[in-house]
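Colleague: I have a model open and would value your eye on a single part of it. Could you take a close look with me once it is on the screen?

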Amino acid sequence: MGYARFLIGKTISYVLALFAAVSLLYVGIYPSLQRVIEGSADEAASEFQRNLVKSHTGLTLPQIAAAVATFKSNYLAAFGFNQPYPVKFGLQMLNLFEFHLGSAYNLQAPDGSKQVADLIIAYLPNTVVLFTTGTLLVVAVGAILGLLAAKSAGGKFDKSIPIIAVIHSSIPAFWIGFLLIAYFAYTLNWLPSGGISSIDVAAGVLPHFTDFLWHLTLPLLSFFIVSVGGFAYVVRSLVISTMGEDFVTTARARGMTDRRLIFKHVLRTASPGIATQSILAVAGSFGGAITLEVVFRWPGLGFLTFAAIQISDLPVILGTTFILTIILFLGLYIGEIAYGFLDPRIKTGD
Amino acid sequence: MPAGSTEAGPGVVLRAQDVRVYFSKKGFLEKGTVVKAVDGVTLSVRRGEILALVGESGSGKTTLGRAAIGLVRPSSGTIILNDGAEQEVGRARGRQWKALRKRLQMIFQDPFSSIDPNMRVYDALRIPLAAQGVRRREDVRARISDVMKRVGLPEQIINNYVFQLSGGQRQRIGIARVLIFDPVLVVADEPVSMLDASLKGDILHIIQNESRTNNVAFLFITHDMAVARVIADRIAVMYLGQVDEIGAAEATVLDPLHPYTKAMLQASPVIDTSLKDKIKKVNIIGELPQSTAHPSGCKFHPRCPYAMDVCKEQVPALKEVKPEHYVACWLY
Amino acid sequence: METTRTERSYAREFLKSRSGVAGLAILIILLATSIYVVAGIPSSLNTKWENSKAWEGNPQAAPPVWVNYLGVDAPQTLDVNLDKFTGTSGSSSAYSSTQTFTWNNDVPPSNLVLTPNFGGAAYELDVIWTKPDGNVVQIALSFPTSGTEYDIHTAAVSQSLTKYIQSQTGTFVTVVTPNGELAALFSNDGPRLLNNSVQKGTYSVTLQILGDQTLSPSSSQVSLVGDSYGTMGTDSYGRPIDLGVLAGLPWALELGTIASVLSVVGGILWGGLAGFYGGWRDKVMSWGTLVILAVPGISFIIALSFSVQLSLLVEALVIAALSWPGFAIIARTVTLSIRSQTYIEADRAMGISSTRTFLTHVLPRLTPVTIAFTALSVSGVIIFAETLAFLGIEPGNVITWGGILNEAITADSSLHGWWWWTLFPGIMILVASLPFVLIGFAVDRIVAPRVSAK
Amino acid sequence: MTSLLEAKGLKIYYATPRGDVRAAEEVDLQVGSQEIVGLAGESGSGKSTLALGMMRLITSPGRIAGGEVLFEGTDILTIPEERFRKDYRWSKMAMVFQGSMNGFTPVFTIGAQIDEVMKIHGRDGGELAVRKLLQMVDLDDSIARRYPHELSGGQKQRAFIAMALALEPKMLFADEPTTALDVVTQVSVINLLKRLKNDMGISILFITHDLALLSEVVDTAYIMYAGRVVETGPADVVFNRPRHPYSQGLLAATPTLQSREIKGIPGFMPDLARPSDMCSFSARCQFVMDRCTVERPGLKRTDGEDVACWLY
């Protein structure tokens with residue numbers, strides 16, 4: 001009951017936040033967005049004109065020109081051109097949320113479509129796979145490392161955690177990618193240097209999948225190396241502060257083994273805090289994940305963005321930015337929900 | 001009009017009239033629940049008197065104390081400060097409110113958290129003065145050294161950081177910060193409950209001394225009947241936001257009227273080694289109800305061994321059963 | 001007794017932390033280097049950097065010079081300067097200058113660049129190249145232009161060398177690669193000229209200029225372009241990586257400092273005030289924090305860069321505007337714990353204004369945290385900005401490590417084994433961030449707000 | 001009466017940058033079977049440290065620096081930690097803390113935690129066993145399904161006592177178990193402790209700073225000051241005819257319903273990191289003699305009790 005209320009409250013607050021974040025985005029990209037819409041109006045109009053001419057409707061040239069002009073102004077009207085700003089804002093936001101992202105200047109989806117939405121649909125799953133696997137790995141291993149460090153606070157293992165955290169904070173993800181490629185792909189020849197899979201699904205699902213994992217290894221490893229230290233450090237601090245609480249002494253007095261105490265009681269108690277930190281970790285590692293796609297030519301949204309930057313394909317850049325906002329936002333939302341689920345005070349509605 | 005308010009004579013510095021403080025705990029998409037922290041209290045404090053407000057946690061004594069000096073705004077009722085002219089405390093705002101701060105003061109329970117440990121003693125005393133417009137260096141010096149003498153602090157600690165001091169010394173500074181204004185009324189919220197036994201006596205002496213020699217009135221909040229007896233002139237016993245009994249300290253402790261007061265006194269420990277193999281009987285039933293669900297009628301009736309039908313339905317008013325000794329109970 | 005500390009004891013403790021002091025030392029070195037760069041490297045470098053023509057004299061994609069010590073034979077560039085000319089002037093003038101040099105590498109250089117300087121119009125330029133064994137190779141150029149660079153790709157040079165190869169091998173060759181031509185200049189002579197090993201020893205170069213008017217020949221140069229360059233090698237345009245790495249330092253430090261000071265101070269104040277106010281203002285402000293947290297910084301700036309002209313200040317402002325939420329969240333937690341202390345209420349009871357309460361109790365507690373975060377955040381901003389540059393988003397006219405790395409990945413440097421191209425700019429990012437991280441962690445350990453989340 | 005628990009010359013030190021803080025120094029203490037022994041003193045006197053030490057719960061930077069603790073004749077300080085954890089901790093000697101209010105892990109239900117303590121010591125546990133324990137401390141069955149934060153202070157304290165009884169221990173350490181409770185609730189907890197002694201034969205070491213409360217409960221009393229026992233004997237002797245000036249001062253400083261006035265004890269406790277040869281109370285004692293500042297008095301038996309003072 002308490003949790004349901006928490007859930008509804010958080011959902012409303014997050015949806016409003018998403019709307020606000022996208023509005024902010026809208027303001028930031030306003031000039032280029034208008035250019036993109038006008039560009040796609042032009043393209044649609046010329047497409048329309050071609051069709052008119054091809055279908056031999058018997059219209060005269062001036063009639064065709066007039067029809068095309070009407071078409072174009074209708075097209076622009078759907079995006080609120082020639083309307084007051086609030087209406088324009090509303091219409092364009094609506095189009096954004098309906099994924100009417102226009103068509104790319106040059107880039108194409110594997111199926112040949114130039115629609116930005118199609119491009120994103122083609123590239124999105126790869127980003128999700130890389131990013132969620134990476135985050136789960138970092139959270140799981142980081143939590144264990146942090147716990148072990150806290151357990152032996154002051155010990156050798158514990159002292160190495162800050163070092164890992166320093167590495168985390170001073171090395172860009174993509175550069176780690178470079179180093180790993182140079183070593184594992186070109187020096188040792190163990191792992192592929194990039195790409196997502198060199199075996200077609202037609203050759204069988206299992207070989208395709210193993211090859212996919214094969215290609216996933218290095219980008220995942222890079223993501224892991226860069227993110228795990230910082231997260232472990234945070235977990236360590238949280239656990240150490242939890243270990244100072246009264247219930248730890250009493251639990252020890254109850255004859256609990258240290259292992260049980262730390263892995264069950266302390267971890268579970270610190271878990272809402274860890275969830276919050278995961279949220280921040282997700283937000284923080286997002287940029288790094290995007291650049292890794294570039295380094296490993298992993299065909300996800302980051303790679304798509306990079307390709308679009310190289311050739312100034314504005315519609316694609318705007319589209320990926322919008323989608324990445326939503327993905328990041330979902331990550332944060334899931335973290336928040338997990339937090340509520342883990343804290344009994346929220347569960348019981350206190 | 002309930003008794004207790006009738007004593008609006010010239011000696012009264014503060015009069016609370018049917019004061020209620022309700023907190024609404026309103027969440028998102030949620031019907032607000034109301035916590036009735038103070039639920040219709042009428043009492044008055046006389047000049048230079050120590051009135052002890054005794055009750056268990058959740059009785060509303062602290063909220064009443066805070067409301068009395070204007071830190072919490074009452075939901076209804078009036079609180080009148082009578083210091084030469086009458087002034088409404090509960091409604092004061094802005095400059096008026098700020099001016100009240102000099103005359104109505106508060107001593108807090110925890111000497112460790114009520115003074116910023118990172119401050120120097122001098123600043124801890126200087127900043128409140130500055131806030132009230134005392135800025136001349138000589139004036140500040142003079143008042144600080146005077147007040148430190150009054151609370152028995154050696155002058156050489158003035159440049160120490162607060163964190164370097166012991167709990168007893170910190171509580172003295174807490175009192176000094178209050179006395180430096182020469183207030184009319186001070187709410188002392190459990191000022192000795194966190195101190196070691198050997199320190200309690202000294203702190204209580206400072207408070208007693210201020211009330212006798214400087215005519216400072218104290219509203220002394222405590223959960224401990226024994227402390228109340230030692231320090232107070234009068235005792236008011238609170239239960240679930242209401243005053244059940246009010247009278248002279250000796251009379252209230254030695255000859256309590258309200259069943260709840262009696263139970264509290266039965267429960268209070270005494271030095272008595274003969275009790276060691278006996279199960280102590282306390283004439284009270286069950287536990288304190290939740291803060292949001294107060295019983296109807298007399299709020300004590302579900303726990304009262306003498307409860308009658310009338311108790312369930314009607315709220316008893318404070319009655320003067322003996323001279324200057326009021327009780328709110330249908331037994332009388 | 002509580003352990004609370006004064007500013008001075010913070011400083012003392014910091015100086016006791018080994019990593020903190022190390023960070024401080026690195027930072028001082030970096031700052032000194034930046035001052036040297038700003039003062040010593042002309043700002044025209046930035047425009048020159050983008051002009052690939054300007055770097056043709058350098059070996060391209062060459063490893064650093066010190067690889068020679070690692071057993072790799074990669075000759076350095078050797079400049080043979082010819083400045084003392086002797087000869088006759090008048091309507092028929094002839095000048096010449098000779099210089100010797102020693103070649104001890106097993107491989108020939110990667111290019112030969114001839115830059116004659118004679119002022120006026122000459123009708124012929126000859127290079128007489130004498131190998132240690134005495135054999136002479138002659139290169140002739142008709143109507144040379146003073147000040148122009150002639151290298152192995154120049155047709156006339158190529159023709160002269162082809163002729164020499166034919167004379168030695170006795171066979172007719174049509175196409176000779178630049179490698180072959182350079183081999184011809186340096187190898188042991190004979191029929192297998194192109195496959196013979198390099199002659200080690202003293203070579204002599206004579207430059208002869210013939211003209212029909214008086215000329216003023218001066219410092220001319222024959223440059224034997226090596227296969228290694230500088231301390232960090234070159235990229236595929238021949239631009240020295242070490243120069244780029246140095247030039248990128250002030251930008252990174254400046255941007256990092258401005259952006260992190262703005263974002264940390266802004267975030268701490270925002271979160272601190274939210275926590276201090278409490279109530280609905282806290283709710284609104286925390287929600288505002290969430291909004292910015294939900295904006296993916298990198299993509300947002302990428303998109304923005306197509307609407308707004310980036311400059312150092314604009315980029316710093318935008319990065320700051322997007323990166324404060326983390327600090328706000330932590331500052332809010334710290335402030336909430338301060339606010340629950342009774343001394344905040346005590347202040348109110350004594351009529352002390354809330355502004356003053358914030359200044360005397362909250363701000364001092366937030367200050368050490370702010371210092372720690374500012375330090376940590378500088379490294380965050382540097383990495384963020386270099387990441388953007390790596391993706392191709394940077395203000396025009398600056399040299400950035402991320403930009404160099406961007407060119408490296410575009411040129412497939414890993415595939416070609418040009419490790420120096422990616423290694424050094426990356427290390428530089430690490431070196432520039434490291435002192436801030438070390439200082440930040442050291443301060444953080446000392447002030448240890450032990451912030452439990454939420 | 002043979003003693004169930006006996007500390008002999010127990011020393012517990014905490015390492016600090018200023019040197020070892022001697023929280024407990026040469027403490028001798030006995031708890032007989034089916035006896036409630038009281039341990040009183042102000043903060044910093046070492047009374048809580050002593051209980052933690054006897055449960056072997058002192059963690060770094062603290063350490064047990066000497067002495068022995070006998071439980072049924074076995075020195076429990078020398079047996080391996082794992083065996084002590086399994087065979088003694090909670091199963092033979094349980095503990096109720098001053099902070100028992102916060103003694104439950106906040107994220108598990110009360111029932112689950114009581115059940116867990118039985119399971120980890122090889123008992124069956126189960127819902128029925130939990131319910132029986134809760135009934136023993138007058139708590140409703142529904143408490144088992146609640147989270148700690150849903151309970152009042154008194155309920156939590158009683159639930160914790162239920163958990164302490166889960167393994168039927170012979171010895172219970174009760175460290176300020178009522179300090180955070182209201183007086184009425186305090187009585188119910190005290191009555192509960194008395195019932196445990198009388199009905200179940202459990203021995204209790206009751207630690208508190210409240211002398212009045214102690215006088216109503218204990219058979220034998222120990223008064224501690226600055227890490228040492230200064231007076232000990234049967235309750236009626238210690239409370240009715242205290243000998244040590246500190247005990248006298250403490251009684252005069254304790255507010256009870258009988259008192260019209262209470263007195264403070266001037267001065268401070270000495271720095272426990274700087275051991276000296278004098279009587280540690282000498283600086284605050286109104287009867288101080290020359291001898292007190294050069295030689296420390298040991299516990300001496302006089303009139304049916306032991307007191308460490310040169311006056312006797």
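Where in chain D is the place of Trp90(D)? Please take that residue as your starting point, and then walk me through whatever else stands out around the chains.

Modeller: Happy to! Please keep in mind that this is a predicted model. Trp90(D) sits in the loop of chain D that runs between α2 (81-87) and β6 (93-96). Its backbone is worth a look: phi of Trp90(D) is near 75 degrees, a positive value in a residue that is not glycine. Trp90(D) counts as buried because its relative accessibility is 0%, and the cut-off for that class is under 20%.

Staying with buried parts of chain D, turn to helix α9 (residues 245-253), which is mostly covered, with seven of its nine residues buried. Those buried residues are Pro245(D), Tyr246(D), Ser247(D), Gly249(D), Leu250(D), Leu251(D) and Ala253(D). What do they pack against? Within chain D, they meet α7 (211-215), β9 (220-225), β10 (228-234) and α8 (235-240), and from chain B they meet α6 (197-213).

One is nonpolar: Tyr306(B), Met308(B), Val321(B), Leu331(B) and Tyr332(B) together have about 390 Å² of accessible area. Tyr306(B) belongs to the loop between α9 (259-267) and α10 (309-313) of chain B. With a relative accessible area of 37%, Tyr306(B) is partly exposed.

The other is a patch of positive charge, in which Arg73(B), Arg91(B) and Arg93(B) gather with Arg348(C). Arg73(B) is found in the loop that lies between α1 (61-68) and β4 (76-83) of chain B. Its relative accessibility is 39%, so Arg73(B) counts as partly exposed.

Finally, step back to the whole assembly. Five pairs of chains touch, and the pair with the most contacts is A and C. Chains C and D, by contrast, do not touch, and their nearest C-alpha atoms are 11 Å apart.

Notes: Residues numbered from 1 in each chain as written. Chains lettered and ligands numbered in written order. Predicted model: local features only at pLDDT ≥ 70, side-chain atom pairs only at ≥ 80, totals over all residues. Heavy atoms only, no water. Patch = residues over 30% accessible without salt bridge, like charges linked within 9 Å, V, L, I, M, F, W, Y side chains within 5 Å. Areas by Shrake-Rupley, 256 points an atom, 1.4 Å probe, with all protein chains shown as cover. Salt bridge = Lys/Arg side-chain N within 4 Å of Asp/Glu carboxyl O. Lys, Arg positive; Asp, Glu negative; His and termini not counted. Charge placed at Lys NZ, Arg CZ, Asp CG, Glu CD. Helix = DSSP H or I, 4+ residues; strand = E, 2+ residues; numbered from the N terminus. Buried < 20%, exposed > 50% of the residue type's maximum accessible area, 1.4 Å probe, protein only. Contact = heavy atoms within 4.5 Å.
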